Amino acid sequence: MTSTHTPVDTPERVALRAAVSSFAKGHAPGGPQEGDGALALWAEAGKLGYLGVNLPEEYGGGGAGITELSIVLEELGAGGCPLLMLIVSPAICGTVIARFGTAEQKERWLPGLADGSITMAFGITEPDAGSNSHRITTTARRTEGGGWILNGRKVFISGVDIADATLIVGRTEDYRTGKLKPCLFIVPRDALGFSHRHIPMELSASEKQFEVVLDDVRLPADALVGDEDAGLLQLFAGLNPERIMTAAFALGMGRYALDKAVDYARTRQVWKEPIGAHQAIAHPLAQAHIELELARLMMAKAAYLYDAGDDAGAGEAANMAKYAAGEAAVKAVDQAVHTLGGNGLTAEYGLARLVTAARVARIAPVSREMILNFVSHQTLGLPKSY
């Protein structure tokens, strides 16, 4: 394959990409890691400093940005061992706490998030709200002592079973007025009234999905992250990295599948020449490569804007990057399976399970249709239908 460098890659980023690529290829013969293997991989990646490259140096991180963290996730995926919780724990939760947390919250959580000894889940999606954050009904009520009581439900929350805490998106009780006041709370896994139920998924991934119930969960005043009246800004400070990192996840998966297909097409011979010599095989693979590269450039732009502090510009670019990467990954995986024919469905080659996994980037954390809605009215200025 050609160079994986992007125009914004510095020598340090080139070295990071090479190091993570080597690390990944040494740990995964293919596909998502399972069970204890995923936990061991997470722990080792944390010790090497890969999990916290975006977090402040004073708290044990690498002092870099989302650009570097997206490199880590993309290369892990391209090597066959993607870590979904990279999107959640350091990218969303770590970023929000680093930008808006108190000194005590940073000291309590960031060192562990940086070295992987602490994992944090993120709870925003609700059964009746879908992608509409304005319909979130998880409520937070102040107590007389200055603390909080949380009530609500969340669904499709990744990694709750292994997380030490969950960053929950709720609303102050005046949500009935229609005024959006999202607030973010750190809820420890052992908090009374906090429970989770596994949602069985037909998806091959070590990270499981859960429904979370908050039943009169009592939290101290310092569980609130940031300013109660600036919740929307704080929320999107986490959602932009989420979309960038989802793009990285999809791109790594697409690259992994494409590499498998290209290697197979070079060597599989049933007539005079290897099947890769035939344009019916070669051209779709070339097209998949082009579309992955275009999506990578959009992701690099989004990460650059975010790291530069341009939240508005990053929001637009992050949505576009997530859309482009999701589409490119699905096409790359589909073409890879098709290139291998019957072998593409065997456990030996590890591609068939990616058919389902690749679709995740089209659906989560926000559907491609909602991204098209965003671009339609935010970028193009067209009227809303909702």
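Which residues in α5 are buried? Here are some notes on that and a few other spots.

1. A word on the basis. This is a predicted model, in which local features need pLDDT of at least 70 and side-chain atom pairs count only at pLDDT 80 or more, while totals for chains, interfaces and linings use all residues. Residues are numbered from 1 along each chain as its sequence is written, and side-chain values use heavy atoms, leaving out hydrogens and water.

2. Helix α5. The buried residues of α5 are Q105, K106, W109, L110, G112, L113 and A114; buried means under 20% relative accessible area, exposed over 50%, and partly exposed in between, with a 1.4 Å probe and protein chains only. Helices (H or I, at least four residues) and strands (E, at least two) are DSSP runs, numbered from the N terminus. The end C-alpha atoms of α5 (residues 103-115) are 19 Å apart, which agrees with the 18 Å that its 13 residues should span at 1.5 Å a residue; the expected span is 1.5 Å times one less than the number of residues. Do look at W109, where α5 has a kink of about 35°, shortly before the proline P111; the bend is the angle between axes fitted to the seven residues ending there and the seven starting there. After α5 comes G116, with a positive phi near 85°.

3. The cores. The largest nonpolar core has 94 residues, and L76, L86, M120, F122 and L167 have the most contacts inside it. Such a core is a set of buried Ala, Val, Leu, Ile, Met, Phe, Trp, Tyr and Cys residues joined through side-chain atoms within 4.5 Å. Helix α6 (residues 231-267) gives the largest share of this core, 18 residues. Another core, of 20 residues, lies apart from it and includes I168, V217, A223 and L224.

4. Backbone points worth a second look. Most residues other than glycine have a negative phi, and most peptide bonds are trans. F156, in strand β3 (residues 148-158), has a positive phi near 55° and counts as partly exposed because its relative accessibility is 46%. D216, in strand β7 (residues 209-219), has a positive phi near 50°; at 45% relative accessible area, D216 is partly exposed. A cis peptide bond, with omega about -5°, joins A364 and P365, and P365 lies in the loop between α9 (352-363) and α10 (368-379).

5. Finally, A312. This residue of helix α8 (residues 311-340) counts as exposed because its relative accessibility is 65%. A312 and N240 are 72 residues apart in sequence and 9.5 Å apart in space, C-alpha to C-alpha.
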